[in-house]
Structure formats: C-alpha cells, structure tokens
Amino acid sequence: MLFKIAWRNIWRNKTRSIVVIAAVAAGLFAGMFMMAFFGGVVKQEVETAVQTQLAHIQIHHPLFPEDKGLDYAIPNGMELLQQLQTNPVYKGVSGRVITTGMISSAADAAGVEIQGIDPETEQSVSNVFSFIKEGAYFTAGKKNEIVVGQKLADKLRLILHGKVVLTVLDRDGNLTAGSFRIAGIFRSNYSTFDATTVFIRREESAALLHTGDQIHEIALLLKNGDQSDQQARQLAKQYPGLLVQSWKALSPEMAMLSSMFDQIMYIIIGIILLALMFGIINTMLMAVLERQREFGVMMAIGMNKVRIFLMIVLETVLLTCAGIPLGILFTITAVEYSHRYGIDLSGFSKGLSQYGIGNLIYPELQTNMLLPIIAMTAITALLASLYPAKIALKYKPATAIHKM
Amino acid sequence: MSNVIETIHLTKVYNPETIPVYAVNDVSLQIAEGEFTALVGPSGSGKTTLLNLIGGLDNPTEGTIRVSGVDITTMPENKLIDFRLQHIGFVFQSYNLIPVLTAAENVELVMLLQQKTKKERELRTKELLEEVGLADKMHCRPSELSGGQQQRVAVARALASKPRFILADEPTANLDSKSAENLLEIMERLNKEEQVTFIFSTHDPRVIEKGKRVITLVDGKIVSDTQS
C-alpha cells in the first residue's frame, strides 16, 4: 500500500514530476554521454599509441632505454624474434634497429629517431603503413628508401622521391652518412611522432650502423590486447636477462590517463547528481508542505513515523528512478549514432593530433559503468528524501489536520 | 455501562508564557460505552481542542485522560499512534480522505496498518461501505465523490479498526442539509444497532438535537451537560 500511495502521489502533479524526471534523465544523459565521449577519446589515444608506436609489448636489452646505445642490442635477437613469431598468442612480431641521427635536406636539418624495420613484419605490429598519404610504404626491389612523416616533410620541405641524408654515429663511434630517397610520406594521428620518426629498411640500417644482424627492439602485438600485462610478466619470467615491458610500463602517462578516466568520470557524474539532488529536494519539499493535512490525517488514523518516513523516501526514490531508464535510453541512442558516424572535431585537429587523437571521435559507452551510475542515482534520491521526510515527521497531527 | 473516556481536570493552555489562552479549562467528564454525545458551543469554545486531547492528537497542559482505563497523557508518541490505531476512530470536518486512494483503499488502509489479513480486510471493507450505502462507489477516488459521500467513507474508515469510540469534529460542517441528515442517520443507526460510541462536536442546531447527551462548552469550560 505504501508503494501504491507513493507511486500515485508522484502523478498528482504531473507537470512537476515530469520536470524532475526529465531533469534526472537529462543529467544522466549529460554525464553518461560525456563519459562515452571521453571514453572514446581515451580509447583512441591508447589505440594510437599502441598501434602506431608502442605495440602491446616491447623487448629490449635492460640498458637500452637509458641511452639507446647501439651496443645494447638484444642478445641473440634474431633467434628470439623467430621464436616469438611462431607463437600463436601474437598477432604480429617485428624486430627493429633503433638509433638517433640527423636528417638533412637541401632546405633544413632535424634530429630524428631512425627505425630500421622489416616492412612486411612491421605491418603486423604497426599501422604506420595505413597512414601513407603520398607514395608507398617502401617499394619492392628498390634500395635506400626512407618513409617520413608529413610534419617532418613540411619542416624540411621534402617532396616524394626527393633525396635526404641521414647522419649517424655507427657502432664504432664514427660519424657516417647515407643518402635515401623518400618512398612515402605518412600522417598519423600523432603529430609529434610524425615529426620525429623515420623508417628505413633494417638491412640498410645495419649496413649504415655496422650492426650486422643485431636488433634493439622486438615489438609484439597481441591478439587479445587486454592480456598485455599478463603476457609481459610471462615473457619476463621466461627471459630474465631481458627487459620486457607492456605498453602501460612503456607509457605510464597513458596508462594513468586510462585508469584515472573512470574516477574522473565518477566525480563529474557525482557533481551532476549533487546539482540534481537540490532540485529533487525542492520538489519533494513542496510536495510535503502541500500535503500537511494529509500527513496529519495519516498520523491521526494510526500511521506511525517509520511508515511516513518510508513513504516519502519511496516517493522520492521512485520519482528519481523513473528518470534513469529514460536517461539510459537517450544515452544509448545518442552513443550508438555517434559511434557509427563519429563526432567531427576537425576544427580542433591541430591540437588533437598532438595527443594522438583523430578528427573523428567515436564515443563508446562502458556498460560496466551503468550499474554504479544507477546505484549513485538511487543513493542521490535516498539522500534527497531525508530532509523532506524529516520535515514531515515534525508535523503534529492536531495542527496539521487543520492546515488547508 | 463502563466509561470509555474519562478526563480529570483537563486543561490546555496556548501561549502559557506570553498571553495564556485557556482552550480547555479544568474539564472533568466521563463518557460511557454506547453514548451518542454532542459537544456544542460557539466557535473558539474549545470543542476541537477537547476532541484532539481525548483522541491523543494533542498533549494537555494539565490533567489526565483515561481511555478504557488507560492513561494516555503519559504515553510516548509512538505508542500513542498505535493506541489510536487500535482504539480510536476519527472523522474530521472534510477533505480527510487520502486523495490518491479509492474509497475501498481508504477504508482498507487502517486495517492494513493493523496488519489484518487480505481476506479479512476485503470482507470488512465491503461490509462497511455497504453499511454506509457506498458499495457501488468502492473504486471511486475522493475527487469523484460528493462531500457527503466522502464523509460516509470517513465514517466507514473510522469503523474499520473496530475502535472503542469515534471522535467526529464537526462532521457535517461542510455538508448540505440532506447530506448532513443522511450522515447523522448512519451514525445514529451504528450507535443504536452496533453500540458504537460517538462523540461529535457541532454548532449546528439540527445536529445538536440528535445528540442523546449534549455537553456545552464556553471558553473551555463545561457549562452544561444534559442527557435526553
């Protein structure tokens, strides 16, 4: 009966209740859509980092990350590479020779990281090939080719098939240089990467650096990206003399962003719900003040304070919770639509590309967050009901009955 | 017959520390089971205050109220609410039904609070609404009933808990003469046939003449107590 009274009371003043329900639905929609939007941004940022630069796991000589010296190659790197390439857990495995050097054109020069790669295997761990805007991701049969980023090409005024000179220190510490022709120009979602990284063939980098068949980095892309930490731990155990790191260890700031995101979103939703709470308190307070006489009658005929309290709590919770399915429905519809077609932010492309975010954002709703949000809303309703309920409990039946 | 209500030197003073107003002033009375008592007097004579005190809706400043021998003046609030539920029925001036419940649900609510079984509740609700002539209006909400019909539902609700007595504060004040007469007939019949004790306040001369005992209050004091 209490449920019945509470539910019917909600609909006594339809307009007022609809306004509250709409406010709850709009608040939840705003919070959840924002969550889906930034969830999409973070996911895109992580995916860019993983697929373009880091892969899921990298293996190095333990001292390599400190100064990237050519001496710190992976012991028996090629053997290990071939061994890992046969493991079905990995979607792709690629070995890289890595050094830093100077790239010069007729116009200008810049410091870059030079990655000596095997184009075929590299395509299985990195999507740089898919960002080629001009030319090709290396051409079969051609020698001394280099692939550069758009930003670097703009800076050095490079043109496709034009020549550049790479100057590096070889393994013996001698300054050496090689001439390369631009095979392709790429533009990834990460402008800093585009400005600082160039790719040449591994065997050509070995000839330039006198490193033989040594490799400095093995990049591994997993079939199941969620297992990166677990797989990295397993490999580290298997190869104790090597440094095995998951993308989270390689880019802790990215991992922190990803893990902090949930907490930030809960805080934002909490703020929205807090604002909503005052609206709900106001509505329930009006309802309680308007119904003084009714509460007086209820107390007179024998309804105790616990029941009066429960009735108001129930009414507030029902009123608030009626907005939850609507809010979720609006959010799912909007997220589905924008996830399919993307939200175009090309107006901010310059800024976004510094963080590895593309022009189109694809919001993504994390369904595991729905339950906590529903619980948070119900708790908000519960808290909002306390003050109006307290007011109702203060009524004295003798005076309340005579209020109009 | 035994007394269902007994008040001893009952006094209710409003604003005792500033300008004291004696709403009820040293009232001692006994009401026996089965009485049909009218509390009369001009506006402000203390009728409603006395009914509120007897019904445990308000606390006296001084004096004692005994209902069926139980002193309710010292009873804690929660116990008093339960005592009202079990022993006292109320009919107020008007608009005292729960607007979101139907006539039947309004009557049933009291029994639900008493934790009666569903079957018992349904049976008695039907019986009571038939008794007040509203069996066909069971599923109507108060807004769909006339003032007189609403007061008859209120009487049925007051009877639902099988109370020792019913307190009715100006039950006919907002009714037209026909509805008022009809309501009084029902109350008289219940008193006569089922020995329900009624104490009602009024200043309507047509209602006063129905009272078998008429207690007149002026300035909070009993000035006359006549039995017909």
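Student: How are α3(B) and α4(B) placed to each other?
Tutor: α3(B) and α4(B) are oblique to each other, since angles under 35 degrees count as roughly parallel, over 145 as roughly antiparallel, 65 to 115 as roughly perpendicular and the rest as oblique. The model is predicted, with local features requiring pLDDT of at least 70 and side-chain atom pairs pLDDT 80 or more, while totals for chains, interfaces and linings use all residues. Residues are numbered from 1 along each chain as written, with chains lettered from A and ligands numbered from 1 in written order.

Student: At what angle do they pack, and how far apart are the axes?
Tutor: Helix α3 (residues 103-113) and helix α4 (residues 118-131) of chain B pack at about 130 degrees, with axes 9 Å apart. Axes are lines fitted to C-alpha atoms over the stretch in contact, and angles run from 0 to 180 degrees between N-to-C directions. Helices (H or I, at least four residues) and strands (E, at least two) are DSSP runs numbered from the N terminus.

Student: Turning to the sheet, what is the strand order in chain B?
Tutor: The open sheet of four strands runs β2-β1-β4-β5 in chain B, with antiparallel pairing; strands pair if DSSP finds at least two bridges between them.

Student: Which strands stand at the edges?
Tutor: β2 (21-32) and β5 (70-71) of chain B do; each has a single partner strand, so one side of each is left without a neighbour in the sheet. Two bridges join β4 (residues 62-67) of chain B to β5(B), and Val67(B) has Val70(B) as its bridge partner.

Student: How many residues are in contact between chains A and B?
Tutor: 18 residues of chain A are in contact with 19 of chain B (C-beta atoms, placed from the backbone, within 7 Å). α12(A) gives the most to the chain A side, with six residues.

Conventions:
Contact = placed C-beta atoms within 7 Å.
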